[in-house]
Structure formats: C-alpha cells, structure tokens
Amino acid sequence: MSRIGKSPITIPEGVDVNIDGKVITVKGKLGELKQEITDIDFKIEEGVITFERSSEKSDQKAKHGLYRALVNNMITGVTEGYTKQLELVGVGYRASNQGQKLDLAVGYSHNIVLDLAPEVKVETVSEKGKNPVIKLTSYDKQLVGQIAAKIRSFRTPEPYKGKGIKFVGEQLRRKAGKSA
C-alpha cells in the first residue's frame, strides 16, 4: 500500500474543494486549481479527502500516491503559495523585470527576454556586492518549478567556477582545475 496515498488530507479553513465527476477543483484565497483524476477513487467526508485504489496493479499503485500528492500541493498552493529563488552567479550577469517580462543578461550577445504567465509573480533583487536574485511566486507548484527550470536552463552552473543560474541554497558539485 502506498504510504503517501493512504494518508488523508485535511481541508483547511477558507479552502473550497468541489468534485465534478473525476475532476477536483480547489479554490482558496490565492487562486483556483483543477486536476483530473483517473483510476483512483476519492471521497470527501467531514473536511477530509481520502484516496483508494480498486486493485493492486502497478499502474494504480503509482497513481495512488501521485494524485494524493498533487491534490495536497493544490491545497497548499491556494492557501500559502510557492516560491522559487534563482541566483545569477557571474561577472556582468543581471536580471530585471517590468511587469511580467523578465530581462536576463547572462553572457550572451543579446539579453534574454522572457514573458511569464500571469499566474506567476516575478521580483528581481539586485544589491551592490551581491549576486542578483530572481523570486518567482505562484499558487501553482508545477508552473513555478517549470518556469524556474526554464530560466536555469539558459545558463546552467558550470562545475569549475560555479558561474551560471542556480537555485538559492543549491549545492553545486565542484571540480578542481588543472594542476600545474
């Protein structure tokens, strides 16, 4: 039995969960998210959501924990939200934003301009003597992670000097340079 899938989810105050066939809709103070659920049975009783599978097939075992985790992330997202922070490490690397447009200068001949989804709020922090930081905030965990990974892919950190775009707090595997 899936350890994650069998644990119930309690619905906090201010969160509205609706079921329409096989679609769960979660509304909260930050937004609204929908998720279609297949092959897994779910029910809401007294403010608690439980997930059950009808057989022991490996496909259903995999989906049992997956859908429970997705619904839990939706509930956490509409109540608290998610934040990802990226740090630009390198000489001359800059980031700025105007509304939903993120402008990155990361060592290419032209700046990279990225239009972000309206669900994601972006903020850039540039302090003298420190690396620029990009803060992405949204109620959709999947979307924030996807956009953060896209931004990181423009200049992944290299292992010798650590130059590139990395997550704040990320430990990079460093290599020793050539020995003379």
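Q: What makes an open set of grid points a pocket, and how much space lies in the largest pocket?
A: On a 1 Å grid over the protein atoms alone, a pocket is an open set of points, where a 1.4 Å probe fits, with protein on both sides within 12 Å along at least five of seven lines. The largest pocket holds about 160 Å³ of space, a volume being the space filled by probe spheres set on points joined across faces, edges and corners. The model is predicted, so local features need pLDDT of at least 70 and side-chain atom pairs count only at pLDDT 80 or more, while totals for chains, interfaces and linings use all residues. Residues are numbered from 1 along each chain as its sequence is written, and side-chain values use heavy atoms, with hydrogens and water left out.

Q: Which residues line the largest pocket?
A: The lining consists of Leu33, Lys34, Gln35, Leu70, Asn73, Met74, Tyr139, Asp140, Lys141 and Gln142; a lining residue has an atom within 4 Å of a point. At least two lining residues come from each of E4, helix H2 (58–79) and helix H3 (141–153). Helices (H or I, at least four residues) and strands (E, at least two) are DSSP runs, numbered from the N terminus.

Q: Why is glutamine 35 called buried?
A: Buried means under 20% relative accessible area with a 1.4 Å probe and protein chains only, whereas exposed means over 50% and partly exposed lies in between. Glutamine 35 has 19% relative accessibility and therefore counts as buried. This residue lies in strand E4 (residues 32–36). Apart from neighbours within four places in sequence, glutamine 35 is in contact (heavy atoms within 4.5 Å) with Lys22, Val23, Ile24, Tyr67, Leu70 and Met74.

Q: How do you know whether leucine 114 is buried or exposed?
A: Its relative accessible area is 14%, so leucine 114 is buried. Leucine 114 belongs to strand E10 (residues 112–115). Beyond neighbours within four places in sequence, its contacts are Gln100, Lys101, Leu102, Lys150, Ile151 and Phe154.

Q: What secondary structure does the protein have, and why is the protein called more spread out than a compact globule?
A: The protein has three helices and 13 strands. Its radius of gyration is 21 Å, well over the 16 Å that the globule rule gives for 180 residues, so the protein is more spread out than a compact globule. The radius is taken over C-alpha atoms, and the rule is 2.2 Å times the number of residues to the power 0.38. Along its principal axes the C-alpha trace spans about 65 × 40 × 25 Å.
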